[in-house]
Amino acid sequence: MTLATLPPRLSAPAPPTIADVLAAQARLEGVVVRTPVGQYAELDRATDAAVVVKHENQQRTGAFKARGASNLMLSMSDAERARGVVAYSTGNHAQGVAYAARLTGTACTIVMPDDPNPVKLRAVLDLGADVLLHGANFDDARAQATALAESSGARLVGAANEPGIIAGVGTLYLELFQQAPGLDVLVVPVGGGSGAAAASLVAAAVAPGTAVIGVQSAASPAAHDSWHAGALVERANTTRAEGLAVGCGFEVTQALMRRHLTDFVLVTDDQITAAQHLYLTGAHTVAEGAGAAALAAVLADPERFAGRNVGVVCTGGNASGDELRRALSVL
């Protein structure tokens, strides 16, 4: 049995709608932060565009994942929460689920790959979750979490095939389009795809003139290749950008992206690191690898974005010391 045939549930649920995003916005009032947007002269000079940054690195847990996990778990029944939850993650989804579990008083176990980002591991433990380290990457952790949920009866909380998570993530894009109307294009990093699925869903409803482009690391291109192929595929998963380190496509997020996404591009890990450097020096902003991927895509294709109003989402700031040292060493 391959990883692609290990779904978290018997069948994929129906994708969320804009009504679900609006309901999530009301549900999350006071639970998550309405994060700011910023504009920086150095970013505009480097890209020859008018760049608006949505700072989800200032969200609860330091990443956008708190939105989706909180919406999902606040939507669960008392009986579901009594079963506990199991999640799998390289870090930010883990923190989001752990945060939501503490918020709702739900027992929580997180499966993370061996040798995780120490910043993210400490944060998950500090939030009170139990952590099981298993396997070399996201896909190994996913398989172990699936088996653990099946044996324990706990609710498996994936990062992609969860309409409640996608709807919660959609709230950040509702905010962005209110804070920065008139964007020509919005660039969103993709791992499992909840961000790009949510962004394209919301844009289609409230900002249909805005093109939405997904970006993934060329070292872990499964979501990108699934979108372009029109079918779920597995690919090598070797990126050092943890939030993009996914080795397969997911049905629910791919369905939304196929319906609404304008384009999907790849960048290299070195281009991501260069974007982290620009965030640090030009915007005084800490971005982890996944959080810098959208800016990396704009820097990598200047002709496409020059002269346009471009939104980028800094999806997380939970960078390790090694990441920051690597970014600061870029000349």
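Which residue follows α6 with a positive phi? Keep that one in mind while we get oriented; we'll reach it a few stops in.

**Before you click**

This is a predicted model, where local features need pLDDT of at least 70, side-chain atom pairs count only at pLDDT 80 or more, and totals for chains, interfaces and linings use all residues. Residues are numbered from 1 along each chain as its sequence is written, and side-chain values use heavy atoms, with hydrogens and water left out.

**Stop 1: the whole chain**

Show everything as cartoon. You have 15 helices and ten strands; helices are DSSP runs of H or I with at least four residues, strands are runs of E with at least two, and both are numbered from the N terminus. The radius of gyration is 18 Å, close to the 20 Å that the globule rule gives for 331 residues, so the chain is as compact as a globular protein of that length. (That radius is taken over C-alpha atoms, and the rule is 2.2 Å times the number of residues to the power 0.38.) Along the principal axes, the C-alpha atoms fill a box of roughly 55 × 40 × 40 Å.

Colour by accessibility and 59% of the 331 residues count as buried. Buried here means under 20% relative accessible area, exposed means over 50%, and partly exposed is in between (1.4 Å probe, protein chains only). Of the contacts with a separation of 6 or more, 74% are between residues 24 or more positions apart; a contact means heavy atoms within 4.5 Å.

Now select 32-316. UniProt, in an unreviewed entry, lists this span as "domain: Tryptophan synthase beta chain-like PALP"; UniProt positions are in the numbering used here, feature names are shortened, and annotations may be inferred rather than shown by experiment. The end C-alpha atoms of the span lie 14 Å apart, and the span is 48% helix and 16% strand.

**Stop 2: the six-stranded sheet**

Pick out the open sheet with the order β1-β2-β10-β7-β8-β9 and mixed pairing. Two strands pair if DSSP finds at least two bridges between them. The edges are β1 (37-38) and β9 (263-267), each pairing on one side only.

Centre on β10 (309-314), where five of the six residues are buried. On one side, β2 (50-55) pairs with β10 in the parallel sense over six bridges. On another, β7 (185-189) runs parallel to β10 and is joined to it by three bridges.

Slide along to β8 (211-217), which runs parallel to β9 with five bridges between them. Ser217 has Val267 in β9 as its bridge partner.

**Stop 3: helix α10**

Select 222-229. Six of the eight residues of α10 are buried: Ala222, Ala223, His224, Asp225, Ser226 and Trp227. These buried residues pack against β8, α11 (251-260) and β9. Just after the helix, Gly230 takes a positive phi of about 75°.

**Stop 4: helix α6**

Select 118-126. What is buried in α6? Lys120, Leu121, Ala123 and Val124 are. They cover an arc of only 165° around the axis, which puts them on the same side of α6; the arc is that of the directions from the helix axis to the C-beta atoms. Their packing partners are α5 (92-104), β4 (108-112) and β5 (130-133).

At the start, a side-chain oxygen of Asn117 reaches to within 2.8 Å of the backbone nitrogen of Val119. After the helix comes the residue from the opening: Gly128, whose phi is positive, near 95°.

**Stop 5: helix α3**

Select 65-75. Nine of the eleven residues of α3 are buried, so this helix is largely enclosed by the rest of the structure. Among the buried ones are Lys65, Arg67 and Asn71.

**Stop 6: two single residues**

Find Arg155 in β6 (155-157). At 9% relative accessibility, Arg155 counts as buried. Its side chain makes a polar contact with the side chain of Glu162 (2.7 Å). (A polar contact is a pair of N or O atoms within 3.5 Å; within protein, one must be able to donate a hydrogen and the other to accept it, and residues adjacent in sequence count only if both atoms are side-chain atoms.)

Finish at Ala197 in α9 (194-206), which is buried with a relative accessible area of 0%. Beyond its neighbours within four places in sequence, Ala197 is in contact with Ile166, Thr253, Leu256 and Met257.
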